[in-house]
Amino acid sequence: MSGRNAILLTLAACLLAACAQEPPPRPQPWENAQAGIRFYVAVGFEVRETTEEGCQFAVEASKGSDLRFRICVSPPRPEILLTQNDFVACENVKLYIEQALKGIRPTCNPGKAGDLFAYDALYARRLKDEHGKVRVQFVNHLFVPAKGKLVQVTASAIGDDDKHAQALFEQNRGALFAMMSSVRIR
């Protein structure tokens, strides 16, 4: 067999092997019809319904103990979103984050959760783990005022300091944002 034929045969074998591989895993839909929530779970994340203080319904997708995506459905919170004025509503959101959630330097802008209007906030906060060690959580938090309810969608990463938390968030930005943008609320 000539060198050219050997190369062509090797290329053909490589092409066949590439075609025979299974496609990469795809995000899976998750839905709770009663709560009116649907989203696509990123590959590698595990989903479980949870109970959270102040939530009528809560679900969390996590990857390890330091990456979390969470949805909380609660009654409307007029103390947070009392107005249709975006500037005032964002100031209320930032105040709520600072006072109730102990967030550090929150920012807020009008945004979207799926196809619904939302207030999009970014902040960090300090948390104590089960061993008493203080860690930092970097959070992207959407406040979605929906008919008769408030839906909060959060994506977060926890690290030993703010640089590590933000780096972990950035490394997983694609998966976290894909879940956030896939949220559908009825």
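**Aromatic pairs and one cysteine**

I'll start with Phe 39, which counts as buried at 0% relative accessibility. Please keep in mind that this is a predicted model. Phe 69 also has 0% relative accessibility, and it counts as buried too.

Now the rings. A pair of aromatic rings is described by how far apart the centres are and by the angle of the planes. The structure holds seven aromatic pairs. In one of them, Phe 39 and Phe 69 sit 5.0 Å apart, centre to centre, with 45 degrees between the planes, and the pair is tilted. Phe 39 belongs to strand S2, residues 37-41, and Phe 69 to strand S5, residues 67-74, so this pair ties together parts that lie 30 residues apart in sequence.

Another pair is Phe 117 with Tyr 119, and this one is edge-to-face: 4.9 Å centre to centre, with 90 degrees between the planes.

Last, the cysteine. Cys 90 is found in helix H2, residues 86-99. With a relative accessible area of 5%, Cys 90 is buried. What does Cys 90 touch, leaving out residues up to four places away in sequence? The contacts are Cys 108, Asn 109, Pro 110 and Tyr 119. As for Thr 107, its C-alpha is 8.2 Å from that of Cys 90, and the two residues are 17 apart in sequence.

Conventions. Residues are numbered from 1 along each chain as its sequence is written. This is a predicted model: local features need pLDDT of at least 70, side-chain atom pairs count only at pLDDT 80 or more; totals for chains, interfaces and linings use all residues. Side-chain values use heavy atoms; hydrogens and water are left out. Rings of Phe, Tyr and Trp (its six-membered ring) pair if their centres lie within 6.5 Å; planes under 30 degrees apart count as stacked, over 60 as edge-to-face and the rest as tilted. Helices (H or I, at least four residues) and strands (E, at least two) are DSSP runs, numbered from the N terminus. Buried means under 20% relative accessible area, exposed over 50%, partly exposed in between (1.4 Å probe, protein chains only). Contact means heavy atoms within 4.5 Å.
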